[in-house]
Amino acid sequence: MEDLETQNDSEDHPRVIIHVDMDYFYAQVEEILNPSLKDKPVGVKQRFNVVTSNYIAREYGVKKMMLINEATKLCPDMVLVNGEDLTKYKQMSAKINEIMHKFTPNVEKLGLDENYLDVTKEINDQLEQSVSLEQLQNVEGFIHPPVEDPNLTDREVFRRACGCGCDRRLILATHMAKQIRDRIFCELGMKCCAGIAHNKLLAKLVGSIHKQNKQTVLLPNCAASFVRSLGSVKSLTGIGEKTAQILEECDVRTVRELQEVPLHQLSKRLGLEQSSKLKEMSFGKDDTPVKQTGKPKSVGLEDSCPAISIRADAEDKFRHLLVRLVKNIADDGRIPIAIKVTVRKHDSVKKTSHRECKQDKILPSYFRHKDGKLVLADGAQDKILAVVMKVFERMVDLRQPFNITLLGLSFFKFQERKAGSKSIANFLIKKSDIEVQSITNLSNESLTLSDSFTSNRSFPIAMDCDPASSTCLSDTASVASLSGSESDAEPSPKKCRRLASFLARKNSSLLPSNEDDSSSPSKLRVADLRLNSKEYDQEPSSSGTSSTNIPSGLKTTGFFKNHLSTSTPAKPSLLADSPLSAMGTSSSSSAIKTTNESALPSNVDPDVFHALPVEVQKELLENWRISNPASSSSSTSISSGSSSSSSKNTLHRYFVKNA
C-alpha cells in the first residue's frame, strides 16, 4: 500500500478537470419557474416518492426517494410539485450544457445535473499568455484538506504539496470554475457547486465536500488520504450494490480496507482487471478521459407503484410507460433496437426488495419518422408490449404469488436513421450525376413521357420478349448501366454499327407469317433498344445524307426530339422514330391504303409508319390526335377490326415506369 501511495504522490498531474454539480436540480428548476417557492420547503414527486427537495425541506429530514407520506410527516408544510414530465428539466440541462461549451468543447454530460470539463488546454493557453500574479497566488473557493498555516499563501501551499508544476494549473482552474458558475447563475439563475482536481474521480468526490453554491480544489498529493477518509466503498464512483456486496464477502467494507486487501484476493472474486481498477480508485488514481457527450446511450422510465400481483395490472402499467417512453425519444431521431425491462420484487416475509433487469431485441420496423419525429408504426405498440411481457415472464414466475413495487422500461442500442450510400432509400433517389431518363404516367389510354427522356445522356432499355410465350423479360445487363458505367459515356461507333446491323436483320427475319401474329405488338422481339441516344436522335443534315451504317428504313427525321422536348405531357409518335419502326408486318399494306398521310406529322416517314402493326398505327394516331387536336379533323381512322385487343396488347408493356 505504501508503494502505491508513494507512487501516487510523486507522479505528475498534467490534467485539469472541473466537475460541476447543480444544487437540488429539479427543485431549483421549479423555483426558477415559480419564484414564490424559493422561501418554502419544496419537494418534487414522481409517483409515490419525493425524488428531490430543496435545502429548506432537507432541514426537516426529507431525503431523496423518500415516500411521500413519510416526507409529509416530517415536513407538513412542504410544497409538492409533480416532476414526472422531464421536459422542463431537460431544457434547463441543455441550456447549462450550452454555457459550458463556451469555455471548452471537452464537456462530458453525467445525467441532467452533472458535467465534467477537461480544461487542460484552455488553462495552458492562458498560462502562455500574460496572467496576473494575483490570480496565481489566490484560490477561488476552498482548498482540501484545509490549510493549517494561515501565514502561507495558496500558491505556497500548492508548491509544498507537489513540485510537478500543477500548482499554477489548478489555481487558475479555480478562477475558471468560478467564471462558469457565475455565468450559469447570471444567465439562468441556477446555483451549482464545483470540484477541481487532476482527474475525474477526485474532481467529483472533492466537489461534494462543500455543498450548495460552493467550490473546492484538492491538493494533488493528498489524493490517497482524501479517498481513504470517505469511509464506505460505496462512496467511490462506480461501486454499486452488487460490487459492494462482493467486496463485503471479501471482508472489504471501507476504502481503507480496499487499499490494504491483497490484489490476488480480490482477483479470485472480481477478476484481475476489475480488481486492479478498484485498487487504483482506492488511491485516487483515474486515467479515464473526459468524453465529449453525444446522444444518450439509453433512455428509460421507472415508476414505483402499489404492490402488483396480477399480470394484467403489470401489462397495463407497461403500456403507459411505453407511451411515455416513445414521447421521450421522439426528438432523438435514432431508432432503438433493444428494450430493457426492470422490476422490483418485494418479499413480504423477509421485508426485502430485489431489483432485476432483463432485455430483448425489438425490430427497427416498429418505428417510423413522421414530421421529423420518431413515432410508433401501426400496430407496433402491441408488438413491443408482447416482447416486454415475454421478458417480464422470464423474471416473474406467474405460477407463484408475487408482489411488484416498481416497473421500468428503457430503450437502448440506438442506431442512426440510414440515409447514406448503403441505405434502401438511396436506391430510390435519382443521382445528381446521372440523368435517369424515365417513362412516367403510363396508362392504357395514352403514352406519356417525362421531359427527362430527352436528356443528353443515353438510357439503354432492353426487353427480351419470347415469341412463343409472349413473355417479356427485362435485360438485366442493360439495367445495370444505371449505375453510371455506360450511361455516363456516349455509345462507341462500333456499338452503333453493330446495333444497326442487328436491327436490319430483325427487319427481315421477324416478319410474322400470318395476320393473327402481326396483330399483337407483344409478338415483336425488341432487344438492345437504346432510347434517346445521340447516335439515333439527331436532326438530318441539310444534304439529306444519312449514316451508311443504318438502313434506309430506319432513318428518322428528329420527330423524337421535336415532340419530346416540349412541355406537352403526351407525345404520340415516340415509336415512329425509334428502331421499332423498322419492324413491320404483312398486314401493313392494307393500312397504307386506308390511312390518310396528312394525318401524320410532317417529319414522319409514311413508309416506316405503315410498316408498323395495325394496332400500333391506331394507337399512335389516336395519341397524336389527343396531343394535336387542331389536326384531328383531317386524320383518317384505321380499321377497328382489332380494336378489342388494343387495351391488352399495347406498347406500355415494353416499358417500365421509373419513379
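This is a predicted model: local features need pLDDT of at least 70, side-chain atom pairs count only at pLDDT 80 or more; totals for chains, interfaces and linings use all residues.

A: Residues are numbered from 1 along each chain as its sequence is written, and side-chain values use heavy atoms, with hydrogens and water left out.

Q: How many helices and strands does the protein have?
A: There are 26 helices and 20 strands, taken as DSSP runs numbered from the N terminus (helices: H or I, at least four residues; strands: E, at least two).

Q: And what share of the residues is buried?
A: Of the 659 residues, 45% are buried, that is, under 20% relative accessible area with a 1.4 Å probe, protein chains only.

Q: Where is Asp 303?
A: Asp 303 lies in strand S11, residues 298-308. Its relative accessible area is 4%, so Asp 303 counts as buried.

Q: Which side chain does the Asp 303 side chain make a polar contact with?
A: That of Arg 324, at 2.7 Å; a polar contact is a pair of N or O atoms within 3.5 Å, where one must be able to donate a hydrogen and the other to accept it, and residues adjacent in sequence count only if both atoms are side-chain atoms.

Q: Changing topic, what is the strand order in the open sheet of 4 strands?
A: The order is S4-S3-S2-S5, with mixed pairing. Strands S4 (66-67) and S5 (79-82) each have a single partner strand, so one side of each lacks a neighbour in the sheet.

Q: How do S3 and S4 pair?
A: They are antiparallel, over 2 bridges; pairing requires that DSSP finds at least two bridges. Val 50 stands opposite Met 66 in S4.

Methods:
Buried means under 20% relative accessible area, exposed over 50%, partly exposed in between (1.4 Å probe, protein chains only).
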